[in-house]
Structures are given as C-alpha cells and as structure tokens.
Amino acid sequence: MDVLGLLIPVSLFLGAVGLAAFWWMLRKGQFDDPDGDAHRILRDDYDDHPKG
Amino acid sequence: MTATFEHIRPSACPACNAAPAAAHLADLPKQAALMLSLPGIHCAGCISGVERALLAVPGVTEARVNLTLRRAAVQGAPDVTPAALTDALARAGYEAHELDAGVLASTFADRQGRDLLMRLAVAFFAMMNVMLLSVAVWSGADGVTRDMMHWISAAIAIPAVIFAGQPFYVSAWGALKGRRLNMDVPITLAIALAVGTSLYETIHSGHHAYFDAAISLCTFLLAGRYLDHRTRASARSAAQELAALEVPRALRIIDGREETVAVAALAPGDIVRVKPGGRIPVDGVVQIGQSEIDRSLMTGESLPVFAGIGTRVSAGEVNLTGPLTVEVTAVGRDTTLHRIADLVATAEAGRANYNSLADQAAKLYAPFVHILSVVAAVGWWLYTQDMRIALNIAAAVLIITCPCALGLAVPAVTTAASGRLFRKGMLIKNGTALERLAEVDTVVFDKTGTLTDGAPLPIRLDALPGDAARVALALAQGSAHPLSVSLAKGLADLGIRPAHVTDLVEVPGHGVEGRWQGRVVRLGRAAWLGAAAPAQTASFLSLGEGPAIAITFADRLRDGAADLVAALQAQGKRVILISGDTKGAVIRFAQTIGITEVIGEALPQEKSALVADLAAQGAKVLMVGDGLNDTAALAAAHVSISPASALDAARSASDIVLMGKSIAPIADAMRTAVSARARIRENFTIATVYNVLAVPLAVAGLCSPLIAALAMSTSSITVGLNALRLR
C-alpha cells in the first residue's frame, strides 16, 4: 500500500496539469469558433492568415 | 423587406440605445474593423470563399470568418465601406449584411459563460479525483487508510466546493435576503451540511464522509446552469445581431452640407434627407421632394402612398422613389413608433404571470425537502439522543433529495430543442417560449410581410400586347421602385426584350417617363396617367395614345406559407388572418391560401383586442406578425413569432424569431415544442422516482455515501440521455 503515497500525488498532479491546460485554452479563446475550427482543418488551401 | 436592411432603421426605443449608439458613433469614421453577418454559410468551402472574396476587396488587410457565430470580422483601410464588402460577397454568391460593431461589443455575457465553464471544470476535476479516492473507501478500506483517503478528499473537495459553488451561494443568499425560497437554498444547505458533517466525521475517524456527494452535486448542477446559460447567451447574441443589423444613423443637412449623425442626436426642427430605399428615422413633415412611401410595417397596407411637400411621415416608413427632405417634428420617445412600444409594455404584463414547469416543480420541491430533512433529524435525535447521528441523517436526506436531476431536467431539454430549432433557422428568445408554444390551439397571422413577402408580383403579364410589354420592360428597368423591379423581373423571365426607349427619367412619386417611336410613354401611378385608381396594387402603362393599360400585382406568398397553413389546419388548430390592408385584398389573399376566418382593415388596437378576446375565451394564441401594427398583439399573445425582416419593436415583443426567409419552420417548431414539453415532464418523473426510491433509505439511516453517489449520478445521466431523445 506504500505505493499509494506516490500514486495519489502523481494522479493529482496529472489532473491539475489537465485543469491548467483547459484554463489556458479557455483564456486563449480556443472555444470561440468550434464549428469553424472543425471545418478549417479540412480545407485544401493553406491558411495564410491563422488567428493570432 | 430585406432590401432596405442596410439603411437607416430606428429601433423601438431610440432613447434606450441612444447612449451606446452615441458612444460608438464618435469613433465610427476612423474605425476600420467591420463586422458582417453571413446567415448562409455552413461549410469549409464557404469559409475559404468568403475570406478570399473579402481579401480581394481593395484595402482589406484581414478577414476572419467565425462559422459558429456566422460572422466575419474585417480589418482594412478607413475607406473600405461595408457596402463594398457586401457587394463583393453578393457577387461571390454569399448573402451578407452589415453589423453595427458597437451593439455587439458586449463581452459581459461571454465573461460570465467562461466563468461558469471554469467552475464546471474545477468541480469536474475535483469530482473525478474524490470519486477515485472514495472507491477505495467503498471497497472496504478502514482504519488509517480510510482516514487518509478522507483527509485527502477533504483537501480537494473543500476548496473546490467553495470556488465552484459560488453561483448557488450568491443566489441563495439573495433569495433569503428577500425572504424567499428558491432551488438554490436547499442546494447550498445540502452542500454546507454535507461538507460540515463530513469534516467532523473525518476529524473523529468516522465511517461516512460525503465529500464526493457534495462535489458531484456541484458538478451536475453547474452542468445544468452552464447549458441554461449557453442557450440564453446564444439567443441573446443572435438577437443582438439582429439589432446590430440596423445602424441608427440619419443624414442631417446643416448649411447645405450633409453629415451622418446618430438618430439620437437629432432634435425637432432639424432637417434630414432620406434617400430612396431608406427608412425614415424620425416623425416629420416633407419639405422638399416627391416620392412614394411604403407604410406596410406601420399599418399593414400593401399599396405605397404618395408623399409630397407637407405630407406627414413617421419613423419606420420606407421612402421608395425620390429623395425627400424632412423637417423633424418628433424624435425618440415622442415618435409614433415609440408610442406604440408603450402599448406593448402594458400588454406584456399579462405574460409575466406565466408559471413555467420548472417554477411549478421548485415551488413544490423546496419546502418539501426542508421539512423532510428537519423531520428526519428531529426524529433521529429524539430516538437516539445523539446530535451527530441526527445531523448525518439530515445531510444524507438533503443530498439524496438534492435536485441534480431536477436542475438538469429543463435545461437539458431546452438546450437540445433550441439547438435543433436554431439549425432550422429559428431563434428562441425566451426560456419558456417552447413550453408555451406547446399549448397553442389558435394561430393568428398578419398578412403583409408575414404570410407574404412584402414584394408584390405582377399577374397576367402574358396578356400584355407585345409592344406594350417591351416598352413596359424598358421603362421598368429605369426605376428602382419595388413594383418596377418586380415587373422588370417578371417580363424578363417571360423572355421579352426591352424596346428602344430614350430619354428615360424617373418622376419621383409618380413613375417613369421616356420617349419611344417619337411618343412620350409612361409607367406609373393611376392619377398621373389619368386612370381611375383601382382597388388593388397596380401600375399603369401609357403608350402615348389610347387608354392607359393596367398591370395588376398580387402579393407573393412567403416561402412555405401555404404548407404551413395547411399543416396547422391539419393539426386541428384554428387559423385566423388579420390585416390592416383593405378588406378586398385581404379576402382575396385568404382564399388563395385557404384561411376562412378573415379580418381586414384592422387597427393596431383591434389586433391586440382580438388576441386578448381570444385569450379571455380560454384560447392559447400564437401570434405571427412583423409590423409595428402587430407589436401590441404580439406582446398580448400567449406566444409570438416574427420574421427577421420585422421591425425591431416587433422582434423584441416576440418570443421566437424566424431567421430565414421561409415561414415553414413554424410547423416544425410546434412539433418540437410538444415533444420538448413531454420530455421535460418525463424528466421530472424520472427525478421523482429516484427520489422516492432513495429517500426512505436516507431517512432510515441506511444511505451510505455509495448509495448517494449512485443515485445522484444515475438520475442525472438518465435525465440527460432522455433529453437527447428529443425529435
């Protein structure tokens, strides 16, 4: 059971990394145009004007 | 009506939006960022096509399409005009409208949504971790291990609950301060009690801790809140977009110079110019110029009216043929437009009493839960004389009965339903609109602009003699009057080629004149050509000799109108047509579409009185209308729908806005509304069944944290899945 002492902090840390990543995506506005992003990736022409 | 969209169009309450309008107008000329609405785009090809077309316009430096919002943001040189952009897109085959960027600049709702999403993410993260730790406890950990799991759970759950639950605490506190009970009071109490007793148990090495229940309660309820917020936010942003389509500007003339000003900046006595095709921004008197005015949005008449020097015009009317110079007599609050908006305010009071299904549920539920948990706690305290057990039981009862499923029951269904209807081009502005729509048994239609396109169509063109048809085409092509445009299109479709007519001049307010084979030929109003004015919309053609030839026009049906009326009648609904147009025109129209109950020449007050009478007889009325004369009736009806081409006042008075040109989605909406109401009821039943099964366990003290977690998750998930079954 000693391994729990290691695994619990590790799992919490990984979860926190996910949470931080989500927070970052929210701040960067990656959910502003989900439909558009889904379609843009399928376009044939190269996107010369990616969103800054 | 869409043709006049880009032009000046006052809102129902110019005073309300005067401040933001004036504020953003100050930097309007310099501002190079333009917003366009693109209602028709739907695919990857559209994104590329629109961006390419926009970038090809000289001066444009950046164009970015947002497919979710169906908008494009364009950056460019100051001389790039919205008209140039919409023209470029129209040539590329995309429908586009200018948006007033100032009206759209509201980020408060966005921030609120992002805030809720963040809380939801934190709650979800904490729930998953605490659940995993709890699995160890459920599967039999005891002694030091159990205590450690409890302590770690507490360390995760307590800060998470404090942060994530804030919306509930704030709302519950507000309700308590106002001496009311709402859904959030039992929620807050349950969370506080669960965390409190669990902490106490943990400190004293107890067996049961409800940290997982407290945090999953937060998660499920936040999910419901977020769905609810998203539905309302997307409706609000679409409604804002409609408002932004109307840029409230006017051309003021000072010392012979024209300048563009905000409508709010005008004062009585100012002189404004109204271009042909523009909407009149104020009430006033014509000083210079002759033209025809389309009053259909104000009165429902489909015939344009002559306007010359001294004619009174009111805000909201459309100037058709010649430029008019108007002296302002009233602006803002004093205009006819605004006085009708006041009628609306009084009519709307009735609808505020509507009791939604969610309200009914909450009213039954909140007191019941409190009483139950207090009774359970007191009972156990009397029985065992142990406060610790009593509080544990009270917490268990509150957790089990907590309205996770109830909180999801309505938002999950309305989100699914309004998403479906939005894809069909309907915008649900009001949360309870679907419930009310499901109860409708009587449908009242306005005619002009609602069942018709507002653009008349020439009839019996093939009866015109060859020469007359060719001359008529040549003359019609020389004018921008809606009748001429429609006539020119009708004749061109018949394959007729224009005659050689020279010296074409448009005589504003009268018609078009030209020279053909040495004779003066004219196309225009009856009075101008010396003919008797007919009962229906008509243009007259004079070939210089012989009597004038009448070309009659009929209202064109809006797409899907006939199907909709037939579908409603097939569903057994009572269908009534009421219009401000002449009796003859209304009755003829009703026959073509198959409506038997018809009322013509109705004043705005009569329309709302009819709706109120029907309501008094117990009918649930759906009013569909677009004009200012319908506004009071729209507000008085049980539920109301207006097309996107309607006046701002009419749109804000109605619950649902039709975004597309077709009116057919209304039948779909009614079907969806009925099934949405059924789903909401089913969801309430499911939630109740779970409660009825689990509450006796909780009261009996048999409810372990495992049972609480199971009941909560399964009921929330079943309710969510049931909402997705919506057809």
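1. In this predicted model, the C-alpha centres of domain 1 and domain 3 of chain B are 34 Å apart. The domain assignment of chain B places domain 1 at 24-99 and domain 2 at 247-334. It gives domain 3 as two segments, 426-453 and 558-673, and domain 4 as 455-557.

2. Helix α2 of chain B covers residues 44-55. Its 12 residues, at 1.5 Å a residue, should span 16 Å, and the 17 Å between its end C-alpha atoms agrees with that. The buried residues of α2(B) are B:Cys46, B:Ile47, B:Val50, B:Glu51, B:Ala53 and B:Leu54. Viewed down the helix axis, these buried residues fall within an arc of 165°, so they line one face of α2(B). In general, an α-helix has 3.6 residues a turn, so residues three or four places apart point the same way.

3. The cover over the buried residues of α2(B) comes from both chains: it includes α2 (34-40) of chain A, and β2 (60-66), β3 (71-76) and α3 (82-92) of chain B.

4. On the contact between the chains, 20 residues of chain B are in contact with 20 residues of chain A. On the chain B side, α2, β2, α5 (108-138) and α6 (144-164) each supply at least two residues. The most comes from α5(B), with 8 residues. By type, the chain B side divides into 12 nonpolar, 5 polar and 3 charged residues.

5. The largest nonpolar core holds 139 residues, and the members that touch the most others are B:Ala123, B:Ala214, B:Ile215, B:Leu217 and B:Ile399. Helix α25 of chain B (residues 665-699) contributes the largest share of this core, 13 residues. For B:Ala214, leaving aside neighbours within four places in sequence, the contacts are B:Ala157, B:Val161, B:Ile191, B:Ala194 and B:Val195.

6. B:Val639 is located in strand β25 of chain B, residues 639-643. B:Val639 counts as buried because it has 28 C-beta neighbours inside 10 Å, where the cut-off is 20 or more. Apart from residues up to four places away in sequence, B:Val639 touches B:Ala433, B:Arg436, B:Leu437, B:Val440, B:Leu622 and B:Asp655. Of these contacts, B:Asp655 is 16 residues from B:Val639 in sequence and 6.4 Å from it in space, C-alpha to C-alpha.

Terms used. Residues numbered from 1 in each chain as written. Chains lettered and ligands numbered in written order. Predicted model: local features only at pLDDT ≥ 70, side-chain atom pairs only at ≥ 80, totals over all residues. Helix = DSSP H or I, 4+ residues; strand = E, 2+ residues; numbered from the N terminus. Expected span 1.5 Å × (residues − 1). Buried ≥ 20, exposed ≤ 12 C-beta atoms within 10 Å, placed from the backbone. Arc of directions from axis to C-beta. Contact = placed C-beta atoms within 7 Å. Core = buried A, V, L, I, M, F, W, Y, C linked by C-beta atoms within 7 Å. Domains from an automatic or database assignment. Nonpolar A, V, L, I, M, F, W, Y, C, P; charged D, E, K, R; others polar.
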